[in-house]
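Subject: Structure handover

Hello,

I am passing this structure on to you.

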Amino acid sequence: QDVVYTVKDFHDRVRQVGTALYELGLGGKHISIVSENSYNWIVVFFAIVCGGGVAVPIDKELPDKDISMLISKGDAEALFHSKAYKSTAQLHLENDERCKYAFCMNPGAKTEGGKFLTVDDLAEMGKELLKKGDRRFIDAEVKKDDLAAVVFTSGTTGTNKGVMLSHFNFATNVEGILDFLGPELSTMSILPMNHVYELSCSVLTAIYMNGIIYVNDSLKNILPNIN
């Protein structure tokens with residue numbers, strides 16, 4: 001079943017989640033993402049970086065202990081995760097006291113309260129704060145050379161290394177790929193979004209070009225999804 005989100009849906013959701021992060025003391029902080037590709041993956045990435053924070057996306061295929069190690073290495077004070085990685089999130093919160101919250105990204109996920117909340121919880125919190133005139137996220141100053149993300153290498157030739165990417169780095173990638181694209185753009189997001197290539201050349205470029213992003217749910221479904 002297809003689920004469709006509009007530009008306005010995306011705009012409002014980013015502002016809501018970003019405002020809630022400020023309310024929880026996470027504005028401008030390093031926050032990790034461990035999840036399959038999804039609409040909410042894109043939402044939380046923007047909610048982090050557009051508020052002056054730093055996204056730390058992690059390869060979900062790594063063992064739990066390695067995921068936890070990289071979250072700590074990225075100085076993350078919270079993490080977003082899908083249902084499939086709830087136990088990973090619990091393990092990390094037990095291992096690193098700096099990490100204050102784990103947010104489940106699945107729509108309709110059941111909230112547990114305390115340190116374990118959901119993206120839906122954040123959206124509702126942010127919606128109420130925005131109604132009261134809260135502009136901490138909206139007015140956050142972000143400069144082009146500010147750090148936007150720490151992306152880890154695959155570790156093929158040694159330990160995983162955190163690559164520090166600025167807003168300008170991502171914008172330059174988007175500008176570069178435009179030379180190869182026409183005015184009508186749609187993209188099928190297949191590679192993991194924690195890959196810089198997928199994130200910058202597919203997701204960010206489509207958003208910049210007002211294109212459509214089709215999020216592929218499984219490698220098994222590539223051909224029917226393309227159709």
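Below is what was found, going from the whole protein down to single residues.

Please keep in mind that this is a predicted model.

**The whole protein**

The protein has eight helices and nine strands. Its radius of gyration is 17 Å, close to the 17 Å that the globule rule gives for 227 residues, so the protein is as compact as a globular protein of that length. Along the principal axes, the C-alpha atoms fill a box of roughly 50 × 45 × 40 Å.

Buried residues account for 43% of the 227. The accessible surface is about 12100 Å². Carbon and sulfur atoms contribute 53% of that surface.

Now the contacts. Take those with a separation of 6 or more: 63% of them join residues 24 or more positions apart.

Charges come next. There are 22 positive and 29 negative side chains. The centres of the two sets lie 4 Å apart.

**A covered helix**

Look at helix α2, residues 39-49. How many of its eleven residues are buried? The count is eleven of eleven, and the helix is mostly covered. The buried residues include Tyr39, Trp41, Phe45 and Phe46.

**Strands β1 and β2**

Strand β1 covers residues 30-34. It runs parallel to β2, and four bridges join the two.

Strand β2 spans residues 54-57. Val54 and Val56 point one way from this strand, while Ala55 and Pro57 point the other way. Are these four buried or exposed? All are buried.

**A buried glutamine**

Glutamine 16 sits in helix α1, residues 7-23. Its relative accessible area is 12%, under the 20% cut-off, so glutamine 16 counts as buried. Which residues does glutamine 16 contact, leaving aside its neighbours within four places in sequence? They are Leu122, Ala123, Gly126, Lys127 and Leu130.

Most residues other than glycine have a negative phi. Two residues here are worth a look on that point.

Aspartate 75 has a positive phi of about 60 degrees, and it is not a glycine. Where is aspartate 75? It lies in the loop between α3 (64-73) and β3 (78-81). Aspartate 75 counts as partly exposed because its relative accessibility is 39%.

Asparagine 210 also has a positive phi, near 55 degrees, and is a residue other than glycine. Its loop runs between α7 (196-208) and β9 (212-215). Asparagine 210 counts as exposed because its relative accessibility is 61%, over the 50% cut-off.

**One last residue**

Asparagine 169 belongs to helix α6, residues 167-177. With 33% relative accessibility, asparagine 169 counts as partly exposed. How far apart are the C-alpha atoms of asparagine 169 and serine 200? The separation is 9.3 Å, for two residues that are 31 residues apart along the chain.

Best wishes

Technical notes: Residues are numbered from 1 along each chain as its sequence is written. This is a predicted model: local features need pLDDT of at least 70, side-chain atom pairs count only at pLDDT 80 or more; totals for chains, interfaces and linings use all residues. Side-chain values use heavy atoms; hydrogens and water are left out. Buried means under 20% relative accessible area, exposed over 50%, partly exposed in between (1.4 Å probe, protein chains only). The radius of gyration is taken over C-alpha atoms; the globule rule is 2.2 Å times the number of residues to the power 0.38. Contact means heavy atoms within 4.5 Å. Accessible areas come from the Shrake-Rupley method with a 1.4 Å probe; for residues, only the protein chains shown count as cover. Lys and Arg count as positive and Asp and Glu as negative; His and the chain ends are not counted. The place of a charge is taken as NZ of Lys, CZ of Arg, CG of Asp or CD of Glu. Two strands pair if DSSP finds at least two bridges between them.
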